[in-house]
Amino acid sequence: MPPPSATLTPKMADVLDRMARAGRPPLHTLGPVRARAAYEAGAGVLEVPKAPLARVEELGIPARDGAVLPARLYAPVARGGPGAAGLPLLLYLHGGGFTVGSVQTHDVLCRELARLAGCMVVSLDYRLAPEHRFPTASNDAWDALAWLAAHAGELGADPARLAVGGDSAGGTLAAVNAILARDAGLPLALQLLFYPGTTAHQDTESHRRFAHGLVLDAEAIDWFFSQYIEHPQDREDWRFAPLLAPDVDGVAPAWVGLAECDPLVDEGVAYADRLRAAGVPVDLEIYRGVTHEFIKMGRAIPEARQAHADAARALRGAFGLEP
């Protein structure tokens, strides 16, 4: 059961009840390979219907060590069709604790963002832990953004209108990318952060308040990070914990969407506050009565559909697209 201080919406409570009745083993008890398969098998159960798009293509993006990273491009118009030239582009980085998740698990969400925002979305299959530990995921994310900036024109995108986004661990990677982009002199229109992880240690009040009984619990978080972090000192690296970045002055404007009943909510608010204190424009939305992962539950949770619309509105505004 959720902790007493959590006020779940009736629909969110019903989803949690159905999950409990299903009796599936927690991901952190399965080991990485089985956990990935289980997460993928359940990824689409509560999603909105899969939006058809005029253009969906598979890409290969080179990483610094010679690996080729799979990625999927989504666009609401066909290549060469009316309005196809110079589309703004969002690099999307999926969640999953750096251990599970893929382009496929976030296919519906990326389709919705492309459809609603009217932009191109490239979803990246960065390499996962424990086979690839910190900072591989962060390096992959940055290599992909730098490659997309250099090759946007070949894809039919506008290199002057780029954004980066992600959820949970992907939100961490997106926040890090925004700092790296500033340092590299690469302008970004927006960083789109769904409940990002930003702290070195899970010691906020919301981590205590929502440690058990919801979608993401303390045991799962500990397991995910034990897969990703090999050396304890890596937790103090700002590429794992963006709140520890020396400064965030001049990074891209941010849209931050958080779930109220989520262990990560306090660190999301803290990061939004850190950005604001540095003079970065921030639009912060806290969706009441919902949990981590809610944005992938649009069939059952209306707040998910609202978050999709809000994020798309932020993208359209940042890209200068018509409402």
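These questions and answers walk through the sheet, the helices and the cysteines of a predicted model.

Q: Do strand 2 and strand 4 run parallel or antiparallel?
A: Strand 2 covers residues 68-75 and strand 4 covers residues 120-124. Four bridges join them. L73 stands opposite V122 in strand 4. The two strands run antiparallel.

Q: What is the handedness of the crossover from strand 7 to strand 8?
A: Strand 7 and strand 8 run parallel, joined by seven bridges. A254 stands opposite V282 in strand 8. Between the two strands the chain passes through helix 8 (residues 265-277). This β-α-β crossover is right-handed.

Q: How far does helix 9 reach from its first C-alpha to its last?
A: Helix 9 (residues 302-319) has 18 residues. At 1.5 Å a residue, 26 Å is expected, and the helix comes close to that. After the helix comes G320, with a positive phi near 70°. The reach of helix 9 is 26 Å.

Q: Which strands are included in what covers the buried residues of helix 9?
A: The buried residues of helix 9 include A304, H308, D310, L315 and F319. Their cover includes helix 3 (107-117) as well as strands. Those strands include strand 3 (87-93), strand 5 (157-167), strand 6 (190-194), strand 7 (254-261) and strand 8 (282-291).

Q: Is C119 buried or exposed?
A: The cut-off for buried is under 20% relative accessible area. C119 has a relative accessible area of 0%, so it counts as buried.

Q: How many disulfides does the count come to?
A: A disulfide needs two cysteine sulfur atoms within 2.5 Å. The closest cysteine sulfur to that of C119 is in C110, 9.8 Å away, which is too far for a bond. The count comes to zero.

Terms used. Residues numbered from 1 in each chain as written. Predicted model: local features only at pLDDT ≥ 70, side-chain atom pairs only at ≥ 80, totals over all residues. Heavy atoms only, no water. Expected span 1.5 Å × (residues − 1). Buried < 20%, exposed > 50% of the residue type's maximum accessible area, 1.4 Å probe, protein only. Contact = heavy atoms within 4.5 Å. Pairing = 2+ DSSP bridges. Right-handed = clockwise from strand over helix to strand, strands pointing away.
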